[in-house]
Amino acid sequence: MISRVAGNCFWLNRYMERAGSMARLLRVNRAFVPGVDLPQLQRWHPLVIVAGEQKAYARFHGEDENGETVQEYLTWDTRNTTSIVESVRVARENARTAREAVSSEMWETVNALYHWLTRGPGRRLYRSDRDHFYQHIREMGELFHGQADETMLNGEPLAFMRLGRYLERAGQTARLMDVNYHTFPDERAIDDPIRLAQWTALLACCSATEPFQKRSFGTPEARDVVNFLLFEPDLPRSVSHCLRAARHSLVQVRGYGSNRIGTMSTALLEALLSHIALREGQPIVGTELHEELTYLVDSVSDMCTAVEQEFFQHADLQTQISIAEGNGGAAQQ
Amino acid sequence: MPSDFEQSVGLAGDTLLLEGYAPLPRTYDELYAADGKPREDVAELVSALDQLGRTEFMTRQKLAEGALFRGGVTFSVYSDSQGQEKIFPFDLIPRVIPSSHWDAIERGLKQRIAALNAFLCDVYGEQRIIKEERIPASLVHGSAGYLKEVSGIRPPKGVYVHIAGIDLIRGADGEFLVLEDNVRTPSGVSYVLENRLVMKRVFPDVFRRSRVRPVESYPKRLQAALLATSARPPHESRIVVLTPGPYNSAYFEHSFLARQMGCDLVEGSDLFVHEKRVYVKTTSGPEVVDVIYRRIDDDFLDPRVFREDSALGVPGLIEAYAAGNVSIANAPGNGVADNKAIYSFVPDMIRFYLDEEPILGQVETYICAEAKARDHVVDNLAKMVVKAVDGSGGYGMLFGPRASKEERESFRSQILANPDGYIAQHVVELSTCPTWVDGEAGPRRVDLRPFAVTGSDTWVMPGGLTRVALRAGSYVVNSSQGGGSKDTWVLEASSP
């Protein structure tokens with residue numbers, strides 16, 4: 001498929017994933033904050049960190065850590081490239097640009113969500129029933145990804161969409177854990193109510209509350225939660241599951257064409273997967289966990305850069321020409 | 001929506017849709033005769049619409065607009081990412097053409113396209129028509145659309161006009177006349193297909209009973225025509241649609257056509273030329289491109305040959321084209337056939353190349369380059385429509401009867417300063433069609449852009465884009481200037 005359009009597919013799904021996770025995160029935090037007695041800075045500020053927006057946020061709002069200000073910034077602020085409204089706008093631009101590659105069902109969902117947000121109804125619901133507002137966005141995100149699986153031909157565009165979705169998700173889970181790593185200081189059982197609430201919220205942010213209950217018995221320990229979110233192969237948002245799903249899509253993508261494209265992306269992903277396989281089942285706590293998560297976040301980010309360069313940009317015309325010459329005989333037969 | 005839904009809706013005291021409709025005097029109306037009664041061949045259909053009533057009609061108009069908006073059938077009003085998008089105003093009252101009228105249009109268009117194609121082949125080849133003095137050389141060579149760079153290049157299969165959107169109007173006597181030839185990159189066909197989809201959803205029963213000829217095969221016909229010009233066999237050929245990009249106002253259409261043909265939509269930077277072959281950059285490396293349906297202007301196609309500053313085109317494209325390795329639709333250089341002074345010679349072309357009499361009439365044209373015609377034009381500006389010869393989209397135009405004295409004066413000096421740049425025509429009383437504006441149906445002027453595609457032969461879509469001037473009394477139907485669109489229903493011939 002056209003490199004540029006493959007990029008549109010990849011980014012479309014990344015941004016929809018991002019908008020959905022941000023909505024889930026905001027909704028969970030709204031439920032979490034009133035129930036625990038936390039210092040002001042630990043209430044809403046962690047969300048700004050997850051979004052990677054500390055600097056920009058400080059520039060616009062200084063030390064104002066009021067929940068309303070943070071929610072407004074992460075939901076509506078068009079100066080914030082990770083805000084929900086911006087993610088949806090960029091997703092829609094990618095879909096509009098690549099409509100020939102995106103199913104009509106998916107397009108209509110993104111288009112409807114964008115207009116709902118920007119033409120009034122979304123704003124009204126935000127004011128009157130905010131939980132419902134975030135839930136709607138999350139549901140539209142789920143609808144969108146479901147439509148991708150249900151309405152797209154199982155081919156290259158879908159493979160790029162899934163690649164984008166899973167890489168975004170892997171990075172998101174790792175970042176979420178990293179922001180909370182200080183709540184995993186040791187291997188003691190979770191008995192402190194505040195920490196229990198924090199862990200529960202973290203699981204909820206990863207849609208992992210019920211799955212975790214099904215897999216854990218007795219009083220959970222820190223390592224159980226960490227292992228679950230990092231390594232549980234059956235959890236849709238665990239880092240390990242997302243990277244394996246990404247590998248599946250990458251293999252699929254490479255199967256469509258020349259072996260010469262995608263070697264760097266594949267090498268990075270395989271290295272990351274072996275790294276994870278080695279760590280699996282070992283207790284990781286405290287600062288060691290922070291280092292581990294930083295490594296994961298950075299590696300996923302490098303991986304995205306490699307995909308971008310190898311598949312979408314094709315800046316190197318010389319490579320193109322040499323492949324063209326290699327294919328030349330075949331084309332003329 | 002099930003069709004009995006429509007039947008179950010009674011008028012229930014509502015006003016008839018078209019009650020009190022009065023056609024304009026001395027103007028042909030598409031649905032109503034001069035006596036104020038529906039025309040006989042469409043009477044049944046008009047009555048079915050009438051029976052819907054106004055409230056129901058407005059409900060359905062809302063449904064239709066919602067469907068177009070949700071589907072993103074929009075054009076962008078400003079050309080940046082924050083720009084507004086609007087739906088092309090769409091009027092639900094169809095414009096109806098009985099089958100007996102359509103046959104002549106279809107034959108007339110095929111004939112005209114054949115002549116224009118022969119003309120392009122000739123002016124970029126032997127130039128017989130100039131040597132035999134049927135058309136002045138200065139007119140051809142002076143036209144902005146004439147590209148000496150493509151002289152001597154013969155396009156694959158000799159097809160220049162793959163896609164034609166020749167504008168027709170209807171004068172007071174009801175005769176269809178050609179107003180303009182559009183054989184560069186005529187747009188609007190996506191609206192025809194999307195409007196039709198909506199009409200079938202909101203008027204299922206009226207539609208079914210009226211026996212409307214289908215338009216849905218357009219993308220397949222276009223694809224077949226494009227493939228017919230490929231140098232490789234169809235199943236090995238790659239077609240792409242070349243767009244200026246997502247901020248172009250017609251991007252929806254470019255994307256729509258690529259989707260409907262199942263081919264890739266590309267921007268200039270997705271393509272490159274190597275050893276006179278065109279390649280597209282794909283995720284698995286470059287692939288050869290055989291046919292380019294381009295929706296960018298000639299000037300921007302190849303910065304090595306035309307505008308150097310063009311970032312939209314593909315360096316080396318014309319060389320690949322000249323080598324016969326890629327087919328470009330429509331052919332570069334077609335602009336000379338759209339020239340409004342050349343237009344007046346099309347009937348002569350039909351006689352010259354085809355040895356036939358023109359089937360479709362056209363509007364009498366004064367070429368200001370000729371002294372006698374120019375004098376007549378400048379003395380009668382208040383009765384004339386003046387057009388720039390290389391203009392399009394309703395720009396660079398003076399509509400004499402509506403223009404202010406200052407505007408007429410300004411055009412008078414422009415014509416005198418650059419007579420070669422202008423032509424003029426007498427005002428034609430464009431036909432009207434009932435159109436829903438501000439809560440009632442009133443007569444509004446319409447034109448018709450039927451679409452024809454040519455590969456190994458020419459196929460004319462039964463119907464086309466009816467554009468309507470939404471302002472009362474206005475003659476300007478262009479979407480950029482307050483125009484809307486209607487679905488065009490060409491009816492099946494009645495069964496024998």
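This is a predicted model: local features need pLDDT of at least 70, side-chain atom pairs count only at pLDDT 80 or more; totals for chains, interfaces and linings use all residues.
Visitor: Where do I start with helix α5 of chain A?

Guide: Start with its length. Helix α5(A) covers residues 84-97, 14 residues in total. At 1.5 Å a residue, the helix should span 20 Å, and its end C-alpha atoms are 20 Å apart, so the two agree.

Visitor: Is α5(A) largely enclosed or open?

Guide: Count neighbours first. A residue is buried if 20 or more other C-beta atoms lie within 10 Å of its own. Eleven of the 14 residues of α5(A) pass, so the helix is largely enclosed by the rest of the structure. Among them are Ile84(A), Val85(A), Val88(A), Ala91(A) and Ala95(A). Arg89(A), Arg92(A) and Arg96(A) are buried too.

Visitor: What covers the buried residues of α5(A)?

Guide: The cover includes α1 (3-32), α4 (67-75), α6 (104-118) and α8 (130-151) of chain A.

Visitor: How do α1(A) and α8(A) pack?

Guide: Read the angle, then the distance. The angle is about 150°, and the axes are 9 Å apart. Angles over 145 degrees count as roughly antiparallel. The pair is therefore roughly antiparallel. The crossing of α1(A) past α8(A) is left-handed.

Visitor: Which residues of α1(A) and α8(A) meet?

Guide: Now the case here. From α1(A), the residues include Met16(A), Ala19(A), Gly20(A), Ala23(A) and Arg27(A). From α8(A), they include Tyr134(A), Ile137(A), Arg138(A), Gly141(A) and Phe144(A). By class, this contact has eight nonpolar, four polar and seven charged residues.

Visitor: How many residues of chain A are in contact with chain B?

Guide: The size of an interface is often given as the accessible area lost when the parts come together. In chain A, 29 residues are in contact with 24 residues of chain B. On the side of chain A, the elements giving two or more residues are α1, α5, α6 and α16 (317-332). The largest share, seven residues, comes from α16(A). By class, this side has 14 nonpolar, eight polar and seven charged residues.

Visitor: Now a single residue. Where is Val446(B)?

Guide: Val446(B) sits in strand β20 (residues 440-449) of chain B. It has 26 C-beta neighbours inside 10 Å, so it counts as buried.

Visitor: What does Val446(B) touch?

Guide: Leave out residues up to four places away in sequence. The contacts then include Glu30(B), Arg95(B), Ser431(B), Cys433(B), Val468(B) and Lys486(B). Take Ser431(B): 15 residues from Val446(B) in sequence, yet 6.1 Å from it in space, C-alpha to C-alpha.

Definitions and conventions. Residues are numbered from 1 along each chain as its sequence is written. Chains are lettered from A and ligands numbered from 1 in the order in which they are written. Helices (H or I, at least four residues) and strands (E, at least two) are DSSP runs, numbered from the N terminus. The expected span of a helix is 1.5 Å times one less than its number of residues. A residue is buried if 20 or more other C-beta atoms lie within 10 Å of its own, exposed if 12 or fewer, and partly exposed in between; C-beta atoms are placed from the backbone. Two residues are in contact if their C-beta atoms, placed from the backbone, lie within 7 Å. Ala, Val, Leu, Ile, Met, Phe, Trp, Tyr, Cys and Pro count as nonpolar, Asp, Glu, Lys and Arg as charged, and the others, Gly among them, as polar. Axes are lines fitted to C-alpha atoms, for helices over the stretch in contact, and angles run from 0 to 180 degrees between N-to-C directions. Angles under 35 degrees count as roughly parallel, over 145 as roughly antiparallel, 65 to 115 as roughly perpendicular and the rest as oblique. A crossing is left-handed if the near helix is turned anticlockwise from the far one by less than a right angle, and right-handed if clockwise.
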